[in-house]
Amino acid sequence: MSFKRIKQYPALKAKYDQFKLWEDQTPAQRQASYASKTIEAERANHSRVEGYVSPFNTPNTERVYLLTKILSTTQNGAGSTVANTLRSLLSDYTITGAQFTALAGSPIVLPGRRYRFAKLTITSVSTTTTTQTSRITGASYKKPSVDSATSPFGQKTAAQNYSAAVTEIQGIAAFNTFLAGNNGKNRARFTPEG
Amino acid sequence: MSKIAERTGVIWTPDDALDLLSVDVDGNCSQEEFWGMVAINQAGRDWLTGKIDIVEYLDKLEYYGVPNPFEIVDEFAEHVEFVISHA
């Protein structure tokens with residue numbers, strides 16, 4: 001036998017000792033070591049406004065609109081580029097206050113407070129990295145600059161289902177351009193409603 | 001933030017537990033991997049809402065290529081338990 005796992009012990013022990021030191025830290029010490037690693041000004045800060053999302057599979061006769069927060073058209077905080085990209089990708093799948101007011105008839109509105117919307121999260125990951133030392137294991141790692149934006153979305157047309165919407169969004173040129181950006185390091189995540 | 005986390009100010013939990021279980025894909029993914037991501041996240045949602053049981057959820061994770069699915073779900077359950085025990 002090659003005793004592979006056993007031979008890993010010295011390297012793992014070094015990390016474990018650091019880990020124990022971190023585990024034994026007081027909350028104040030932990031917050032300090034976290035603060036030393038975080039540049040608060042670079043934390044993504046997106047503006048949201050009231051908007052509506054129409055849940056999937058609701059036909060025209062039963063179409064409801066759930067009140068929620070969607071990305072605003074004016075983004076001034078950190079991470080605004082990603083937020084603007086996402087907002088425009090989902091513009092057909094979310095309804096702004098103005099678009100809602102323009103709807104004919106008396107559309108049914110429900111508060112969406114406890115409702116889990118379908119969400120799209122896109123993350124831009126820079127190709128350049130800085131080398132950091134982990135405050136938990138002491139090991140060094142390469143950290144890229146990352147910006148994420150998330151937005152709820154719903155059906156574009158009545159009685160559309162979630163898979164169809166995902167297929168459509170996946171077909172949007174801007175989506176593919178984004179995902180291929182940064183040499184394909186950019187990421188996307190679709191989560192369903194429920 | 002969940003109510004428990006707000007009160008203790010110690011632990012962060014997302015409003016939607018699926019955030020702890022969902023996966024993403026990068027730009028170098030294949031079509032199969034992309035739809036695998038959609039399927040994994042759907043399975044997570046179904047498990048959280050009780051539509052499928054944990055056995056089926058773990059089976060689906062394994063089918064879509066998540067190595068060691070039990071480890072991930074175990075970590076999730078531990079975190080939830082940890083949050084509840086600190087309430």
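Predicted model: local features only at pLDDT ≥ 70, side-chain atom pairs only at ≥ 80, totals over all residues.
Tutor: Local features here need pLDDT of at least 70, side-chain atom pairs count only at pLDDT 80 or more, and totals for chains, interfaces and linings use all residues. Residues are numbered from 1 along each chain as its sequence is written, chains are lettered from A and ligands numbered from 1 in the order in which they are written, and side-chain values use heavy atoms, with hydrogens and water left out.

Student: Why is the pair of Tyr65(A) and Phe100(A) called edge-to-face?

Tutor: Rings of Phe, Tyr and Trp (its six-membered ring) pair if their centres lie within 6.5 Å; planes under 30 degrees apart are stacked, over 60 edge-to-face and the rest tilted. The centres of Tyr65(A) and Phe100(A) are 5.5 Å apart and the planes make 70°, so the pair is edge-to-face.

Student: What makes Tyr65(A) count as buried?

Tutor: Buried means under 20% relative accessible area, exposed over 50%, partly exposed in between (1.4 Å probe, protein chains only). Tyr65(A) has 7% relative accessibility and is therefore buried; Phe100(A), with 13%, is buried as well.

Student: What makes Phe153(A) and Phe190(A) an edge-to-face pair?

Tutor: Their centres are 6.1 Å apart, with 80° between the planes. Phe153(A) and Phe190(A) are both buried.

Student: How do you know that the charged end of Arg30(A) sits over the ring of Trp22(A)?

Tutor: The criterion is NZ of Lys or CZ of Arg within 6 Å of the ring centre and within 35 degrees of the ring normal. The charged end of Arg30(A) lies 4.1 Å from the centre of the Trp22(A) ring and is assigned as sitting over that ring.
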